[in-house]
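Colleague: Could you take me through the ligand site in this one, up close? I'd like the contacts and what surrounds them.

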Amino acid sequence: MTSAESLILGIETSCDETSVSVLAHGSDIRSNVVASQADLHRRFGGVVPELASRQHLERLLPVLDEALERAGAVLEDLTAVAVTQGPGLVGALTVGVAAAKALALSRDLALVGVNHLEGHLYGAWLAAPDLALPAVALIVSGAHTDVVVMRDHGHYEVLGRTRDDAAGEAFDKVARAMGLGYPGGPELDRLAHGGDPRAVPLPLPMADESFEFSFSGIKTAALRVLATASRSAQFDADFAASLQRVVVEVLVAKTMRAAVQTGVSTVLVVGGVAANSRLRAEMDRACRQAGVRLVVPPLPLCTDNAAMIAAAGYQRLRRGLRADLHLGASSDLALV
Ligand code: KG4
Ligand code: ZN
């Protein structure tokens, strides 16, 4: 291991979490501080990009101080800084990238830019550092729904992705129409525990033989049901459970088919929606049945956090990939 890889500062500001982490030796999380902006955006029912950037600006330095303090480290101990370069909100990303460059320049640290989706994949790595590759990964968040084959570190093949909305986005929008809080995914998950997943008939979203997804149709269908329903606490629970059932069924079926088709024996489920209890339970059941190893990170490593960015940065540094001070934010940065 070169010194650049030993104590890495991770910075994540791609959306509405300001996060800084200190990671030792690639998988030892010394701190992982996440300041959520959910309270700020809640009253608007979704992330307001301009407010997100400003909030990152205000919070990044205090969060950095706290991450160092919790890790028992000072800036002088760091060897590298890894930062989310994209995809995400360009103004929000820029705050993290500018801070990372300033730290790299002033402290003579190695600098590495990380793709946010690659970061999510390394959330699984942090949960299972003995992970064997290749693996099939479902990356499922508020902005993405991708089925990817991770052949090796840095080698990704996207088998399919959503044509329109991400699964998390569909959950959030339906939850918003129900008058639930923001973000709606966790609220729906909570509500669904008291519901019957077969009570409200909803179509399976794009349940075909491809690895592509589409969630805008199910969102519209769900909103239509909601508009004419006589709402009660039981209806809401049944509706939440039914919506989760159809979305999860398609996510699980396509991920498992990708594992079978590629002959891969490890499946990763990562991204914010990987926190969903039905998705976790159904993936677990399907992987047991298929004799495939399943790795799903613990909840704090599913949703946006900087430890996963530092872990991805560690692997990039090991491959000799360093950024220079021209590193820029890229809102639509591709995984491959
Ligand atoms: O990865 P993430 O934190 O941010 C993005 O990169 O988008 O994912 C956020 C998404 C939101 O859509 C949120 O509603 C969803 O993850 N989410 C959940 C749960 N926890 C977070 N969706 C369903 N069930 C959950 N328990
Ligand atoms: Zn994310």
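Modeller: Start with Asp172: a side-chain N or O atom of that residue sits 2.6 Å from an oxygen atom of ligand 1. Keep in mind that this is a predicted model, so treat the distances as computed from predicted coordinates. His120 puts a polar side-chain atom 3.1 Å from a ligand 1 oxygen, and for His116 the corresponding distance to an oxygen atom of ligand 1 is 3.2 Å.

How much of ligand 1 does the protein cover? On its own the ligand has 550 Å² of accessible area, and the protein covers 89% of that. As for the space ligand 1 takes up, that is the largest pocket.

Now for the shell. There are 18 residues around ligand 1, and the closest are Gly142, Asp172, Asp189, Asn276 and Asp304. So which elements give two or more residues to that shell? They are helix 4 (116–127), helix 5 (167–177) and helix 6 (184–192). Asp172, the residue with the 2.6 Å contact, is also listed among the closest residues.

Helix 8 is mostly covered, with 22 of its 30 residues buried. After helix 8 comes Gly263, which has a positive phi near 70°.

Terms used. Residues numbered from 1 in each chain as written. Chains lettered and ligands numbered in written order. Predicted model: local features only at pLDDT ≥ 70, side-chain atom pairs only at ≥ 80, totals over all residues. Heavy atoms only, no water. Buried < 20%, exposed > 50% of the residue type's maximum accessible area, 1.4 Å probe, protein only. Helix = DSSP H or I, 4+ residues; strand = E, 2+ residues; numbered from the N terminus. Near = heavy atom within 4 Å. Polar contact = N/O pair within 3.5 Å; in protein donor to acceptor, adjacent residues only side chain to side chain. Areas by Shrake-Rupley, 256 points an atom, 1.4 Å probe, with all protein chains shown as cover. 1 Å grid on protein atoms, 1.4 Å probe; cavity = no way out; pocket = protein on both sides within 12 Å on 5 of 7 lines; lining within 4 Å. Sits in = over half its atoms within 2 Å of the grid points.
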